[in-house]
Amino acid sequence: AVVSTQSTGDKEGLLRQLKLEEEQAVRQSEAVRGSLEKQLDNRNEQINKNEDKLRSIVSEITDLTEKRRKAEKDLSETLRNVQSHKDALMTVQRDRESAESDLKSVMGKVRQVQSKLSTTKSELDSLASERDRQKGDVAAQERSIESLATELAALCGTAVWFQPDT
């Protein structure tokens with residue numbers, strides 16, 4: 001009864017509003033669907049990556065297991081040959097001690113050279129300071145000579161230019 005009393009304009013407005021709401025719901029549904037598909041693709045991609053990692057890990061475990069077997073075999077053989085290697089180990093120990101002694105000697109010589117280098121650097125620095133001081137003295141003397149020459153020329157009343165050799 002309520003619907004029959006509404007005007008045709010109201011019904012058309014209501015239909016347009018329902019149509020707009022339907023279109024909006026479809027767009028939202030498509031957006032949600034797109035988002036869910038993207039999430040699914042991302043998850044599938046992550047699953048593929050994880051499967052690749054797992055294959056890599058399995059391969060690495062297989063390689064490590066093979067290496068462990070070989071290492072165990074090598075260790076068994078090494079343990080069987082320990083006695084025969086004992087003398088070689090003692091020789092290596094003696095050689096190492098000798099090398100350590102040689103190294104200490106070389107390090108002592110290095111410290112001596114470093115000390116001499118430090119002393120030489122100090123001497124060079126001192127000489128450079130002295131050279132710089134002497135350059136300053138010479139420049140001051142040249143200025144003093146030029147000043148005296150100017151005064152002498154003024155006193156004599158003639159223009160005498162003094163140019164020291166440089």
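The following legends describe an overview and several close-up views of a predicted protein model. Because the model is predicted, local features need pLDDT of at least 70 and side-chain atom pairs count only at pLDDT 80 or more, whereas totals for chains, interfaces and linings use all residues. Residues are numbered from 1 along each chain as its sequence is written, and side-chain values use heavy atoms, with hydrogens and water left out.

**View 1. Overall fold of the protein.** The secondary structure comprises three helices and zero strands, in the order α-α-α from the N terminus. The radius of gyration is 49 Å, well over the 15 Å that the globule rule gives for 166 residues, so the protein is more spread out than a compact globule. Helices (H or I, at least four residues) and strands (E, at least two) are DSSP runs, numbered from the N terminus. The radius of gyration is taken over C-alpha atoms, and the globule rule is 2.2 Å times the number of residues to the power 0.38. Along the principal axes, the C-alpha trace spans about 135 × 95 × 25 Å.

View 2. Of the 166 residues, 1% are buried; buried means under 20% relative accessible area, exposed over 50%, and partly exposed in between (1.4 Å probe, protein chains only). The accessible surface comes to about 15,200 Å², with 57% belonging to carbon and sulfur atoms. These areas come from the Shrake-Rupley method with a 1.4 Å probe; for residues, only the protein chains shown count as cover. The protein carries 28 positive and 31 negative side chains, and the centres of the two sets lie 7 Å apart. Lys and Arg count as positive and Asp and Glu as negative, while His and the chain ends are not counted; each charge is placed at NZ of Lys, CZ of Arg, CG of Asp or CD of Glu.

**View 3. The salt bridge between E45 and K49.** Side chains of opposite charge can pair when their charged atoms come close. A salt bridge is a side-chain nitrogen of Lys or Arg within 4 Å of a carboxyl oxygen of Asp or Glu, and the structure holds eleven. In the pair shown, the N to O distance is 3.5 Å. E45 and K49 both belong to helix α2 (residues 8-80), where they are four residues apart, about one turn of the helix. E45 is partly exposed at 43% relative accessibility, and K49 is partly exposed with a relative accessible area of 43%.

**View 4. Salt bridges around R133.** D137 and R133 meet at 2.5 Å, N to O. Both lie in helix α3 (residues 82-156), four residues apart, about one turn of the helix. E130, R133 and D137 are linked in a network of salt bridges. D137 is partly exposed at 34%, as is R133 at 43%. R131 and D132 form a salt bridge as well (3.4 Å, N to O); R131 has a relative accessible area of 45%, and D132 is at 44%.

**View 5. A nonpolar surface patch.** L103, V106, M107 and V110 form this patch, with about 330 Å² of accessible area together. Patches are made of residues with over 30% relative accessible area and no salt bridge; like charges are joined within 9 Å and nonpolar side chains (Val, Leu, Ile, Met, Phe, Trp, Tyr) within 5 Å. V110 is found in helix α3 and is partly exposed at 34% relative accessibility.

**View 6. S76 in helix α2.** S76 counts as partly exposed, at 34% relative accessibility. S76 and S29 are 47 residues apart in sequence and 69 Å apart in space, C-alpha to C-alpha.
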